[in-house]
Amino acid sequence: MLLPVLGLGVRGWQLRLMSFLFCVAVMFFAIYVQWDWMKGFRWYATAVVPASFLFAFGVDGFVRFVEEMFGTREAEPARWRGWSRLGIGVAVLLVLLQVPGNVAMTVKVASGPDASPQQVRQRVNYVDGLRDRLHVLEPWVDLDVDQGAHLWWSDFDMMDIAGLVDVPFAHNKFERAFVREYLFQERRPDYAHVHDAWARTSGIPTHPEWRRDYVEVPGYGSSTKPHVGNHIRRDLVVQGEWPHGEARRAMLEGGIVAWGPWVPSEPATGRKVYVEVGFSSTHAAKQAAADDFRALLFAADADGVKAVWDIPPGYDWLPPNKWRPAEVFVGKFDLPVPDTMAPGTYDLGLLVLGPDGAPRAPLTGEDAELGLGVTVPGEGVPPRYSPAEVVYPQALTVLSVEDRAQAAIADREAALAEAKAVRCDEAEDSWWHAVWHRPGEADWRRQHERAIAPALADCWARASDEVEGEERVARLVRAHRWDHWSDAYAERARPLSDTLYTEGEAARAEARWDDAYRLFSDAVAVWPPNAWARHYAEEARAFRLGIDPASKAKEAAEQAERAAARKAKVEAAKQKRALAAEEGVEEEGTVPEDAGPEDAGPEDAGREDAPEDDAPEDDAPEGAE
């Protein structure tokens, strides 16, 4: 360690010393974070350039030593002494000696390659498509690995299972209580890529919340071997109730309930219409795959049917036989409006088909339970598309392209005006109606969001002045969601974060861990650059959940004590049996020789903090997959 210091003053000593110190820092980091478990020694990758300088200096020094030994150095100016032929040969030999090891390691890494950036980009694009199909308006929270490609090519709010860019995971790893709180209660990612080594190491799929709250969706990539392990949050597909009221509700045969359609903004002919349609099943608990159904949505006027669209229940990801009682599929679709649909008003209708293709007709009579604004074919009401249809009169208004553009502009300007008047909820609602006028037009949305986002951020920042406590925090977090560069936001968020941090320090000093965690967490949420608040929040979380070092050491000691007691019990049983065998008497009630953990007391039974498949593998996961 002192060699670079001893070399002070020699040729190139500054570069030697800096390169050496940089390599030492990289190695210290790798040791500090419990070794480099990734293929290709990635932790050391940042030291490659300075290490190459050190290697070059080392080769030069060794060559000059050999030249001195054999007397081949030529008389040259002291400023620069070149190598002799012998020296050049020695240098080439030293370089060639590095080739076998480097080639062997390259072959080893290449034989089981990690996902390349372009391969990860396929997943980024795939997940972006999921977000578009689900029409998620809030920032998309993504639980994954391969952070570099995700952060470069996406605007997702990333959660990192490996903990490289995720402070909570970095601090707490896969402690069961932590994963339950952070993953399933606090962040609740919209998408989670969990399978293979990471699934086993993290233990995420062993949590009951995982099976309850997440649904696997089809993979992407090759049709012969699609990339699996893709999950979305269940409530993005089904919810506890239909969010748009009871007015357009209809009961159908087979226990099916149809809801909607809800069309928030008028589309243009030849463009797309945004529509929400819902279904639920009163027989959900008893349904099998054979009871699944399909749905068609159609538009008609006095001249007949103008368009028919397929509306897959559960997006074909969560079919009706997988729905739970009281769950409602809230389907969000952007559907093409044919050029043949002239501007005007149209009826919308639903036709539900069973697995055999037979229509599921609406119930009639006392069982009909038709909501307001719903009609079915009957006496004096001829069918438009099928005798089993449900019709919603005048539910769709189609505009010309020019009128649709003006309507979108009016909603956008209304959003700006309402934001200026500090009516933030109304401003957001007007903006979304403007977006719904032009579904699928991402370029238009990005173009106008440049003006909308700062206005909404300023609105929520000013609105935070009207409230205190958690509501003030929530409004500033909302401002940050829209534009973290907003001056109005920064002027309020940073001082509040400092205040919360100071209060958190007082709670930390008094070991009030619940209060400390809330205060530090709010300080980070309000002003994310507050790095020490983030650190202390995780420290407080560990004490709250009993996963701090002292609590874990105590638990380990208790487990060791119980294990010792079990072992002593087994040994005592063996001695009793041996003594009984010597005396020719068989003892009753002795513990069998193979007694193990199952003989432990009731306090050891059913411990969910250490499931069989929750422990990390002996070999840490390599790479992304």
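Me: Is Glu209 buried or exposed?
Reply: Glu209 is buried, at a relative accessible area of 12%. Keep in mind that this is a predicted model.

Me: Okay, and which side chain does Glu209 meet in a salt bridge?
Reply: That would be Arg180, with 3.2 Å from N to O. The two sit in distant parts of the chain, 29 residues apart: Arg180 is in helix α9 and Glu209 in helix α11 (residues 208-213).

Me: Why does Arg180 count as buried?
Reply: Because its relative accessibility is 18%, and buried means under 20%.

Me: Switching topic: how many salt bridges turn up in the whole structure?
Reply: A search finds 38. One of them joins Glu175 and Lys552, whose closest N and O atoms are 2.8 Å apart.

Me: What does Arg212 pair with?
Reply: Its side chain meets Asp213 in a salt bridge, 2.7 Å from N to O. Arg212 is partly exposed at 44%, whereas Asp213 is buried at 14%.

Me: Last one: which residues are linked in a network of salt bridges?
Reply: Glu181, Glu186, Asp514, Glu538, Arg541 and Arg544 are linked that way.

How values were computed:
Residues are numbered from 1 along each chain as its sequence is written. This is a predicted model: local features need pLDDT of at least 70, side-chain atom pairs count only at pLDDT 80 or more; totals for chains, interfaces and linings use all residues. Side-chain values use heavy atoms; hydrogens and water are left out. A salt bridge is a side-chain nitrogen of Lys or Arg within 4 Å of a carboxyl oxygen of Asp or Glu. Helices (H or I, at least four residues) and strands (E, at least two) are DSSP runs, numbered from the N terminus. Buried means under 20% relative accessible area, exposed over 50%, partly exposed in between (1.4 Å probe, protein chains only).
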